[in-house]
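This report concerns salt bridges, helix packing and the nonpolar core. The sequence and the structure are shown first.

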Amino acid sequence: MSEIQFLNVDLELESKNDISVLVGELAKKAIVLNYDKDDYRQSARIEADTDIKTPDQAINHLCEQLESCSRNALKQWLTCSKRTFDIGFNSGTKPKCFNQAIKSDTLLRISAIDAGLEITIYPVD
């Protein structure tokens, strides 16, 4: 039997414009899982590079990284059509009830930077 567990929070970005400065600055204190560019768009998936136990902590850590970015990087942030914190969980059969809270201060922080929330649940293997 497998247990339900929080995995991580990925910051997903997508833009029709260049976001290389933003991704580069975030890469200094986070893990860039992928950064794709083509003629039409750029996209990136970034997660915290620290041992974080809850979605709330992960989102706040990523927000801190964003808030410490340069003006040029923040201008690129504003060009993104997708700015989403994707919370990942492994599904399972135990425990009977599982929950993870996102604090109201964190929700306000997400809203203040004009980002969204998404939840991804991975199936039991």
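Is R45 buried, partly exposed or exposed? With a relative accessible area of 26%, R45 is partly exposed, where buried means under 20% relative accessible area, exposed means over 50%, and partly exposed lies in between (1.4 Å probe, protein chains only).

The model is predicted, so that local features need pLDDT of at least 70 and side-chain atom pairs count only at pLDDT 80 or more, whereas totals for chains, interfaces and linings use all residues. Residues are numbered from 1 along each chain as its sequence is written, and side-chain values use heavy atoms, with hydrogens and water left out.

**Salt bridges**

| Pair | N to O distance | Accessibility of each partner |
|---|---|---|
| K82 and E12 | 2.8 Å | K82 27%, partly exposed; E12 6%, buried |
| E14 and R41 | 3.6 Å | E14 29%, partly exposed; R41 33%, partly exposed |
| R45 and D86 | 3.9 Å | R45 26%, partly exposed; D86 5%, buried |

The side chains of R45 and D86 meet in a salt bridge. Because R45 lies in strand β3 and D86 in strand β4, this pair ties together parts that are 41 residues apart in sequence. Helices (H or I, at least four residues) and strands (E, at least two) are DSSP runs, numbered from the N terminus. Salt bridges with shared partners join D10, E12, R45, K82 and D86 into one network.

E14 forms a salt bridge with R41. Since E14 is placed in strand β1 and R41 in the loop between β2 (30-37) and β3 (42-48), the pair ties together parts 27 residues apart in sequence.

Helix α3 (residues 71-79) has A73, Q76 and W77 buried. Viewed down the axis of α3, the buried residues fall within an arc of 110 degrees, and therefore line one face of the helix; the arc is that of the directions from the helix axis to the C-beta atoms. R71, K75 and L78 are exposed on the other side of α3. The buried residues of α3 pack against β1, α1 (20-27), α2 (55-67) and β4, contact meaning heavy atoms within 4.5 Å.

R109 belongs to helix α4 (residues 104-112). Leaving aside residues up to four places away in sequence, R109 touches N60, C63, E64 and E67. R109 and I59 are 50 residues apart in sequence, with a C-alpha to C-alpha separation of 9.2 Å in space.

**Nonpolar core**

A nonpolar core is a set of buried Ala, Val, Leu, Ile, Met, Phe, Trp, Tyr and Cys residues joined through side-chain atoms within 4.5 Å. The largest one has 28 residues, of which L11, L13, L22 and F85 touch the most other members. The elements giving two or more residues to this core are β1, α1, β3, α2, α3 and β4, and α2 provides the largest share, 5 residues. Not counting residues up to four places away in sequence, the contacts of L13 include I19, L22, L26, W77 and K82.

Methods: Salt bridge = Lys/Arg side-chain N within 4 Å of Asp/Glu carboxyl O.
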